[in-house]
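Subject: A structure for you to look at

Hello,

I am passing on the structure we talked about, and my notes follow below it. Please open it alongside this message so that you can follow along.

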Amino acid sequence: MENLELLLAGFYSLFTQPMAIFLGLMGVCIGLVLGVLPGLTATMGVAILLPFTFGMDSVSALLMISGVFFGGIYGGSITAVLLNIPGTPAAAATALDGYQLTRKGKAGLALGFATIGSVIGGIVSVLMLVFLAPLLAKFALEFSAPENFALAVFGLSIIISISGKSLLKGLITGFIGLLIATIGLDPMTGYPRFTFGNQELMIIPFIPVMIGLFAGSEAFKSISEPNEVERNHIQIPSVIPKLKEIKEQFLLMIRSGFIGSCIGSVPGAGADIAAFVSYNEAKRFSKHKAHFGTGRIEGVAAAEAGSNGCTGGAMLPMLSLGIPGDAVTAVMLGALTLQGLQPGPLLFKEHSSMVFTLFAGMFICYIALLVIGLSTLKYLVKVLSMPKSYLIPIILCLCLVGTFAINNSVFDISIMLTAGIVGYVLRMRDFPVSPIVLAMIMGPMAESNFRRALALHNGSVEFLYTRPITATLFSIAMLTIFFPVIKVIYNYLASKFLVNKGV
């Protein structure tokens with residue numbers, strides 16, 4: 001009840017600061033543009049804007065940065081749905097079903113649910129930030145190397161769900177992703193691995209690989225299929241779903257937002273992990289599991305609600321413990337320090353008014369995101385009206401510019417083009433590329449935390465069953481991995497039983 005009173009006071013305080021609201025809305029728009037452009041991330045946007053917050057008051061500065069964060073995470077879904085080009089790593093999960101819906105002429109429906117799912121997931125995360133901060137902070141504090149390893153294994157187990165028609169092909173591409181993730185510096189010793197003496201390979205940048213696998217391979221595929229029917233006559237009457245359709249997915253989006261918030265509250269777990277886990281859970285509880293990846297609206301809604309649910313969750317350990325939940329909140333931690341504020345338990349005690357005014361501003365940012373998103377999507381969709389002969393060069397140019405902008409490296413462009421060729425070959429052989437992305441995200445997290453856990457337990461793996469959270473996550477992961485085998489055995493035994501009974 002006290003938190004609710006503080007939140008209402010925060011709204012009152014915010015409405016006396018119109019400049020703070022304006023800067024928050026401007027941040028949403030900037031983030032949305034950054035999210036749409038491949039390679040330009042919310043982290044980059046927040047880092048660029050950080051120097052401009054020097055002369056601002058605390059609420060205005062943090063609200064502007066939060067707006068960029070929210071808009072950047074959501075913006076990546078737009079190109080993921082329209083062109084199968086995830087603007088952000090988290091949008092790779094959205095692309096699984098979103099692009100298939102576009103190919104079926106339902107781009108408006110997919111974009112509408114991507115927007116609504118993002119807003120609902122974000123609002124759920126802010127509500128949890130307001131009311132459940134102490135509880136979630138305590139839970140997140142329990143996570144150390146063993147728990148993070150189990151979480152990473154659980155994330156890797158999701159490859160089973162995103163492998164498409166062939167589980168074997170999904171496992172093969174997942175293994176390729178794990179191999180790529182081993183290139184570079186050893187996470188424990190710092191010794192170069194598989195670099196062949198090339199210093200450029202000390203760190204394999206993830207985003208160029210992702211851009212190449214999705215955007216580059218899609219462009220190469222379009223070039224190799226000149227007789228493919230053009231997509232320039234797709235008509236989208238509305239991007240706002242019917243109320244009945246929203247009701248059908250509402251609980252799913254609430255649940256996915258909750259999952260994303262919980263994952264976001266674990267330091268080191270970002271929106272990409274939240275999106276894939278939410279997608280996997282939506283598939284697990286769906287009556288149409290086999291149709292996921294072919295254009296199910298649940299996949300889009302769950303992935304977006306999960307990734308945006310991570311936004312408030314990631315702020316939780318940053319504000320309450322001083323531990324950034326991801327790269328964006330690490331930059332926000334710097335912004336707080338520049339404002340003379342020390343994140344941690346004392347922040348809520350000594351600056352509760354400022355904190356709850358910020359929370360109120362987050363609600364307004366998400367409402368603005370809903371309005372801006374739904375009002376501009378119909379115009380953004382017109383990108384499909386462009387002839388393919390114009391669209392493909394633009395896509396490739398965006399890929400090149402976005403890739404180069406990350407590290408100002410020409411070598412990154414070669415990585416992107418190589419990944420594009422590999423992705424094209426895999427697509428032509430019906431191999432899914434999403435497991436590569438997931439394995440590259442989860443692989444380093446699993447390796448480094450497993451080795452740290454072994455060091456902490458003197459080389460013993462007893463932590464897998466002696467630590468409750470680790471044991472629970474690891475058991476769920478094993479169940480997910482072996483579920484297809486269990487299902488086959490169950491169906492076989494059931495059929496034998498029925499035959500023996502003469503049914």
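Predicted model: local features only at pLDDT ≥ 70, side-chain atom pairs only at ≥ 80, totals over all residues.

Helix 4 itself has 26 residues, and the distance from its first C-alpha to its last is 38 Å, close to the 38 Å expected at 1.5 Å a residue. Is helix 4 enclosed by the rest of the structure or exposed? It is largely enclosed, because 26 of its 26 residues are buried. After helix 4 comes Asn-84, which has a positive phi, near 60°.

Now the chain as a whole. It holds 21 helices and 2 strands, and 55% of its 503 residues are buried. Among contacts with a separation of 6 or more, 78% are between residues 24 or more positions apart. The chain exposes about 21,900 Å², and carbon and sulfur atoms supply 69% of that area.

The largest nonpolar core has 139 residues, and those touching the most other members are Leu-14, Phe-69, Ile-78, Met-315, Phe-359, Met-362 and Val-437. Helix 4 (residues 58-83) gives the most to this core, with 15 residues. As for Val-437, its contacts beyond four places away in sequence are Ala-92, Phe-206, Met-210, Leu-213 and Phe-214.

Gln-249 lies in helix 11 (residues 243-264) and Glu-298 in helix 13 (residues 297-321). Buried means under 20% relative accessible area, so Gln-249, at 7%, counts as buried, and so does Glu-298, at 12%. Gln-249 touches Glu-298, as well as Phe-113 and Ile-297, leaving aside residues up to four places away in sequence.

Glu-147 is buried at 3% relative accessible area, whereas Arg-467 is partly exposed at 27%.

Another salt bridge joins Arg-193 and Asp-186, whose closest N and O atoms are 3.6 Å apart; both of these residues are buried. A further one joins the side chains of Arg-451 and Glu-447, at 3.1 Å from N to O. Arg-451 and Glu-447 are separated by about one helical turn, because they are 4 residues apart in helix 19 (residues 434-456). In general, an α-helix has 3.6 residues a turn, so residues three or four places apart point the same way. Arg-451 is partly exposed at 25%, and Glu-447 is partly exposed at 21%. Salt bridges that share partners join Asp-186, Arg-193, Glu-447 and Arg-451 into one network.

Happy exploring, and do write back with any questions.

Best wishes

Notes: Residues numbered from 1 in each chain as written. Heavy atoms only, no water. Buried < 20%, exposed > 50% of the residue type's maximum accessible area, 1.4 Å probe, protein only. Core = buried A, V, L, I, M, F, W, Y, C linked by side-chain atoms within 4.5 Å. Contact = heavy atoms within 4.5 Å. Expected span 1.5 Å × (residues − 1). Areas by Shrake-Rupley, 256 points an atom, 1.4 Å probe, with all protein chains shown as cover. Salt bridge = Lys/Arg side-chain N within 4 Å of Asp/Glu carboxyl O.
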